[in-house]
Amino acid sequence: MADPLLFHPHTYDPAHFDPETRRLLRATVDWFEDRGRRRLTEDYRTRAWLGDFLGFAAKERLFATFLTPASAATREDQRWDTARIAALNEILGFYGLDYWYAWQVTILGLGPVWQSGNAAARERAAALLADGEVFAFGLSERAHGADIYSTDMLLEPDGNGGFTASGSKYYIGNGNAAGLVSVFGRRTDTEGPDGYVFFAADSRHPAYHLVKNVVDSSKYVSEFRLDAYPVGPEDILHTGRAAFDAALNTVNVGKFNLCTASIGICEHAMYEAVTHAHHRVLYGRPVTAFPHVRRELTDAYVRLAGMKLFSDRAVDYFRSAGPDDRRYLLFNPMTKMKVTTEGEKVIDLMWDVIAAKGFEKDTYFAQAAVEIRSLPKLEGTVHVNLALILKFLRSHLLEPVGYEPVPARADAADDAFLFRQGPARGLGSVRFHDWRPAFDAYAGVPNVARFREQADALCDFVRTAAPDEEQSRDLDLLLSVGQLFALVVHGQLILEQARATDLDEDVLDELFAVLVRDFSAHAVELHGKDSATGEQQTWALGAVRRPVADAARSARVWARVEALAGAYEMAE
C-alpha cells in the first residue's frame, strides 16, 4: 500500500484537479515511467539535451496549457494555476531536475511578458507556447550576478523609436533554444531607474550569439551576447521602474517552484534509500536494525512530510493573494529557503545510511545528491531570502490582524494577481493573521506544545532583547535570529495543513520533535555569536528544550518508513 504522504508513480491519481489537468499530469508520469531508469540515468550522465521531453511536452501542449494565463488563453483549459504548477514541479523533480529546470526557466522567461501591457508580445508568447517553444529570463550577468542596478546590457536609441542592444548575459537557462528571451537592460540616454528596459529577444536572431553552456549538465545554462540586436517597439515589455518591478515580481513567481522540485527529488531518493538499507546486512544484522539508522531514516521521513505540508499550505496563500493580502511575500521566500534546505538535510540523512551506494552511477540517488544542492542556491541565496524573511519578524510574531481563513485552493482558477503584483516595495505594510491558533489546535501533541514554548520565547526575545541599531548591521547575528523565526513560520503552516488533511498525530509529534531540536541548535548558535549581548546569550540558553521522547510513537512512525522498502522501483 502506497504511503499517502508521498508521491507514488504507480498509484498517482490527482483526482482533485479537473479532467484535463489530471490527464496531463498522469501522461507526464507515464512518459517518464515508459522511458525507464536506464535511459534517464544515461541521458543525465551524457548531458543530453532534453529534446525528447520537450517534444512530448509540445505534443501534449503541456507548457501551453499550464503556463498561459486566462488573459492570453485561446482554450478553456489554459490558466496560470499555482496548484497544478506545483504538482508538475514535484513530478519533474522526482524524475530529474534537468527536466524541471527547462520548465522553471520557461516560467521565469514568461513572467515579464505576462506582466506587460504589450499586446503584440503577449500574443507572440502565447503562439510560441502553443508551438512547444521554451523561454528564458535574461537578467543575470557575469560581472554583477542578478544585481539589477548594475546591468551592462545597453540599449542605444536607433533614431526610429527603437534601440540596438549590446551586451552579454550569463547563467541564463534555455538560452540555447528559447523562442523568446526576456532581457533586462538600460538605455544609454537615460540615467537612473527611468532607463531600465525589459525587452523580448529571439535566440535564433543573427545578432544573438550563443557563447557556451556554463555548467556541465543537460541543463543548458547559457552565456549569450547581443551585438547591435534590433529592438523595436513591439519588443519592449517594460520601461523605467516598471521594468525593475517586473524583474523582482517574476522572481517572486518563479522561486516558489523550487520547494516542490526539492520534494520530488527527496521522494524518489527515499524509496531507493530505504529499500537499499532494508535489504543490506552488516555484521549479521539488517542495517535497519541499528537504532541510529532508524532515527536517521525516520528524521528524513518526517522532515520530508514537513516540506510537503508547508508547501501545500503555502500554495493556498499564493493563490489567494491580492493587493490587500500579501502574506505570500513571507511564505514565498520560506518555500525557497526553508523547504529547499530541509531537502538537503533529508538527502544527507539518507546518504549517511546508504553511504557508498549513494555514489553508484545507476542509481537515482547519485543524481539526487548532486541536484538537491542547487535548489537553495537558485533564485537568490539562502542568505538573501533569510534576510527578506527577517523583514516580517515583528509584524508576524507580535502584530497580528484579522483575516478570514484561507481555504484549500485546488480549484480551477487563474491566479491573475501574480502578474499584477504592482510595485516591489512596501514590505513594512504587510500584515499577518495570528500564528497562535494553529498551535493551540494541537496543544495536546507533546512536541507541538514543547515547540510552542520556544516560539513564545522568541516573541519575548523580540520584545526585550532584539538586536539594537549597531547589531542590526551584523548580518551574521541577524541570520541566526532569522533561522529561529523561520522555524516558527514553518511550524505554523505545517500545523494549518495538518488540520486540513487530518495528518496522523504520530507523524506530527515526531516531526515537531525534530523542530524542537532544530530550534535549540539555532539558539545555541546565536549564543556563540561574537556580538551577542549577555542578555541575548542568557535568552538563547533558556530557549533550549529537549523533545518529548516516546518510544512507542517513534516505533509506529518507523513502521511507516520501513514499509517504503520495495514500495517503488523504477522500471529499467
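Tutor: Happy to! Let's begin with a term: two strands pair if DSSP finds at least two bridges between them. Helices (H or I, at least four residues) and strands (E, at least two) are DSSP runs, numbered from the N terminus. This is a predicted model, where local features need pLDDT of at least 70 and side-chain atom pairs count only at pLDDT 80 or more, while totals for chains, interfaces and linings use all residues. Residues are numbered from 1 along each chain as its sequence is written, and side-chain values use heavy atoms, with hydrogens and water left out.

Student: OK, in which sense do β2 and β3 pair?

Tutor: Antiparallel: strand β2 (residues 154-157) and strand β3 (residues 163-173) are paired over four bridges. Pro 157 has Phe 163 in β3 as its bridge partner.

Student: And how many residues sit between the strands in that hairpin?

Tutor: Five, and in this hairpin of β2 and β3, Gly 159 takes a positive phi near 85 degrees.

Student: How many bridges join β3 to β7?

Tutor: Nine, with β3 and strand β7 (residues 221-231) running antiparallel. Ser 168, for example, has Arg 225 in β7 as its bridge partner.

Student: Switching topic: how many aromatic pairs are there?

Tutor: A search of the whole structure finds 38. Rings of Phe, Tyr and Trp (its six-membered ring) pair if their centres lie within 6.5 Å; planes under 30 degrees apart count as stacked, over 60 as edge-to-face and the rest as tilted. Take Phe 184 and Phe 198: their ring centres are 5.3 Å apart and their planes are at 75 degrees, so this pair is edge-to-face.

Student: Where do Phe 184 and Phe 198 lie?

Tutor: Phe 184 is in strand β4 (residues 180-187) and Phe 198 in strand β5 (residues 196-201), so the pair ties together parts that are 14 residues apart in sequence. Both Phe 184 and Phe 198 are buried. Buried means under 20% relative accessible area, exposed over 50%, and partly exposed in between (1.4 Å probe, protein chains only).

Student: Which ring does the charged end of Arg 327 sit over?

Tutor: The ring of Tyr 403, at 3.7 Å from its centre. A charge sits over a ring if NZ of Lys or CZ of Arg is within 6 Å of the ring centre and within 35 degrees of the ring normal. The charged end of Arg 285 likewise sits over the ring of Phe 290, 4.7 Å from its centre.

Student: What about salt bridges, how many does a search find?

Tutor: The whole structure has 60. A salt bridge is a side-chain nitrogen of Lys or Arg within 4 Å of a carboxyl oxygen of Asp or Glu. Asp 316 and Arg 313 form one (2.9 Å, N to O). Both lie in helix α10 (residues 291-319), three residues apart, about one turn of the helix.

Student: Are Asp 316 and Arg 313 buried or exposed?

Tutor: Asp 316 and Arg 313 are both buried.

Student: Which residue forms a salt bridge with Asp 509?

Tutor: Arg 553, with the closest N and O atoms 2.9 Å apart. The pair links distant parts of the chain, 44 residues apart: Asp 509 is in helix α18 (residues 505-527) and Arg 553 in helix α20 (residues 551-562). Asp 509 counts as buried at 5% relative accessibility, and Arg 553 is buried with a relative accessible area of 3%.
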